[in-house]
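Welcome, and thank you for taking a look at this pair of chains with us. Please keep the viewer open while you read the report.

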Amino acid sequence: MSASTADLPTSTPAATAASQYDAIVRSGYEHGFVTEIESDTLPPGLDEGVIRAISARKGEPAFMTDWRLAAYRKWLQMPTPAWASVHHPPIDYQAISYFSAPKKKDGPKSLDEVDPVLLETYRKLGIPIEEQKALAGVAVDAVFDSVSVATTFREKLAEVGVIFCSISEALQEHPELVRQYLGSVVPATDNYYAGLNSAVFTDGTFVYVPKHTRCPMELSTYFRINTANTGQFERTLIIAEEGSYVSYLEGCTAPQRDENQLHAAVVELIALEGAEIKYSTVQNWYPGDEHGRGGIYNFVTKRGDCRGARSKISWTQVETGSAITWKYPSCILRGDDSVGEFYSVAVTKGRQQADTGTKMIHLGKNTRSTIVSKGISAQHGQQSYRGLVRIAAKAEGARNHTQCDSLLIGDKCAANTFPYIEVKNPTAKMEHEATTSKISDDQLFYCRSRGLAEEDAVSMIVNGFCKEVFNELPMEFAVEAQKLLSISLEGAVG
Amino acid sequence: MLSVKGLRANVGENEILTGLDLEVGPGEVHAIMGPNGSGKSTFAHVLSGREGYEVTSGSVQFDGHDLLELEPEERARLGLFLAFQYPVELPGVNNTYFLKAALNAIRKSRGESELDAVSFMRLMKERLKVLHLDDSLLKRPVNFGFSGGEKKRNEIFQMAMLEPRLAILDETDSGLDIDALRIVADGVNALRDPARSMIVVTHYQRLLDYIEPDHVHVLARGRIIRSGGKELALELEERGYGWIDEVAA
């Protein structure tokens, strides 16, 4: 899920605007440091009192407190989902602290205490030492000042009327917009983890693009102001008004550690008539050590609503991290002629488990959806593609194309495909293609006989396999993603 | 350049090479001919370092290196090149990108600077011209969806780009019609060079009408039973391989 990198000015960022802002980012160092003001931490446990306390500390409007409480009451009635092909010990929700200081003192004291494998990866990605500390969760006294960067960025956006801020700020400054749209795509009752998120989310991103406006730059959490530790229950809301366009980048290629094992984010996208939202993610949370210990559980609900005619929502994701990934970015194609897209690369190795896919719900006429899913499993990695394509009775002329490819490396990993297709309108056109392949010894030998090292050969073949998805990513992001994939799969062969 | 002495190799329980000797000097083109199952492809694979073959005795020296000790990529970086009988498809891997990565891996191992995109494109254009090939194959994934002739042409083009010191052509003529054969042979001839040796492995004499060898060897039951000049190939063409069994027995 989204790696909050706003306080990491030279991180290998998930941003195409990176180069153009590099200069500003670097100059940010000159402005010295700011020390985070310690805020208090609520003791572990969850009840209505805790939710009221969270809402109060954030100074939220009353409607928000009520909304959270309603979500909590419903969540209490919900069973934990058991249908996904993932295995983990039960989670003790009373052992989690739901509101905590932005910085923790109980993390590793220095890089010496951090998993050397993680440090090696940082080194390969070329991440500076100070950032390595921040990413690894080492308690640092000074945080680089990113305010100047973010401010410059925001001024530019303000000129065209784009609102880009934390959801806490949005609740203060634009409560009417939050109230109108929050939970309108993913209701609190949607699923167990979305319910929990609705009750206790602490922060996240808010984007509003006004009518007929093309957002002048790729938006990224990287440039968002004051977002350190938005933490485990993140909430993102993006609204694209009529005829507008926005591209949002989430995540960071550097593996991020977090002492919070459970992450349950909710992302809601709303595209009105003729609007387009492009949402790209690189997820590289800590997958745990070689036995899978300490890795992140990533249970995310992401959904986009193509509410207006001719609107378009496109999800692109590269998932390489986390011990467990449970994630199905979906599109509701409500408007006539609306378009939904899902492009995904998921890598599981070591003991990682991923159950991921998408849902395309066709409600409007002549709606179209495309699903391209590329799964790569190595070592003991377990992976399932789970996808639903539903064509409602009124969705005349709907079309879907699904392509699901799995690539296996070694013989201890597994890949499953669970495509669900429900068609209630006879005019629908559905295509489903699925392949499973292995990197063959012949392919590796061929590459090696041309002078390429085995690992380079694997990375080349894997990147070739993922090409259709990488093509959908913004340029710099794609380059980062390729590099990340190569590093992820080092040592995965043989 | 290449010195093979008493080479014996097994595939599983079966001994395929039974004491093969071969000396190849700089710039020489050697043809190795023989019936099916005589060990031609095994020999090519053992030289290039493919897994699945167990060398039980003998030695292979290449430019002073003990070739059998090296990994396939190390052999390639020393200047060994195998043109495959069945070139392997790499879906999604762009042909140009593949070649550039391979060439730069080789250059890097030799302490040379890596070629940038512009220099590489220039080199590529130049080599295409030498081989009279067009650039239509370069934008496609490596061998993916190529016809048999296209695959073989691509092998020759790779050879032109990687500039090996010893090229082994494993049944490059198999599956080619006469036009494709001529294109491939012309390519090989264009790459003949006093510093580059070649071993042309073939079943038929046909290829040798176009690629004229300095030496011809007959391989049977895993060893070379007769060597001679190019006239030996013609003799094989006339007499077939039937007589060999008597000699080899």
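## Where the two chains meet

A contact here means heavy atoms within 4.5 Å. By that rule, chain B brings 33 residues to the meeting with chain A, and chain A brings 17 residues. Between them the two chains bury about 2000 Å², with 62% of it on carbon and sulfur atoms; buried area is the accessible area (1.4 Å probe) that two parts lose on being put together, summed over both. This is a predicted model, and its scores are ipTM 0.95 and pTM 0.78.

How many salt bridges are counted between chain B and chain A? The count is 4, where a salt bridge is a side-chain nitrogen of Lys or Arg within 4 Å of a carboxyl oxygen of Asp or Glu. Arg450(A) and Glu155(B) form a salt bridge through their side chains, at 2.7 Å from N to O. There are also 12 residue pairs in polar contact between chain B and chain A, both residues being at pLDDT 80 or more. A polar contact is a pair of N or O atoms within 3.5 Å; within protein, one must be able to donate a hydrogen and the other to accept it, and residues adjacent in sequence count only if both atoms are side-chain atoms.

## The side of chain B that touches chain A

Four elements of chain B each supply at least two residues of the side that touches chain A: helix H2 (72-78), strand E6 (80-83), helix H3 (95-109) and helix H5 (148-162). Helices (H or I, at least four residues) and strands (E, at least two) are DSSP runs, numbered from the N terminus. H3(B) gives the most to this side, with 6 residues.

By residue type, the side of chain B that touches chain A divides into 20 nonpolar, 6 polar and 7 charged residues. In this grouping Ala, Val, Leu, Ile, Met, Phe, Trp, Tyr, Cys and Pro count as nonpolar, Asp, Glu, Lys and Arg as charged, and the others, Gly among them, as polar.

Asn95(B) is found in helix H3 of chain B. Is Asn95(B) buried or exposed? Asn95(B) is buried, with a relative accessible area of 0%; buried means under 20% relative accessible area, exposed over 50%, and partly exposed in between (1.4 Å probe, protein chains only).

Glu171(B) sits in the loop between strand E7 (166-170) and helix H6 (178-190) of chain B. At 11% relative accessibility, Glu171(B) counts as buried. Beyond neighbours within four places in sequence, the contacts of Glu171(B) are with Lys40(B), Ser41(B), Gln85(B), Lys152(B), Val201(B) and His203(B).

## Chain A and its loops

Chain A has 12 helices and 21 strands, and 61% of its 494 residues count as buried. Among contacts in chain A with a separation of 6 or more, 86% join residues 24 or more positions apart. Gly45(A) gives one example to look at: its C-alpha atom is 5.9 Å from that of Ile96(A), 51 residues apart along the chain. Gly45(A) lies in the loop between strand E1 (33-34) and helix H2 (48-57) of chain A, and is buried at a relative accessible area of 9%.

Ser322(A), with phi of about 70 degrees, is in the loop between strand E12 (312-319) and strand E13 (324-327) of chain A and is buried at 0% relative accessibility. Asn366(A), with phi near 50 degrees, lies in the loop between strand E16 (353-362) and strand E17 (368-378) of chain A; Asn366(A) is partly exposed, with a relative accessible area of 38%.

## Confidence and conventions

pLDDT is the predictor's confidence in each residue, from 0 to 100. Chain B averages a pLDDT of 91, and 98% of its residues score at least 70. Chain A averages 80, with 76% of the residues at 70 or above. Over residues 101-105 of chain A the pLDDT is below 50, and this stretch has 19 contacts in the model beyond near neighbours in sequence.

Residues are numbered from 1 along each chain as its sequence is written, and chains are lettered from A and ligands numbered from 1 in the order in which they are written. In this predicted model local features need pLDDT of at least 70, side-chain atom pairs count only at pLDDT 80 or more, and totals for chains, interfaces and linings use all residues, while side-chain values use heavy atoms, with hydrogens and water left out.
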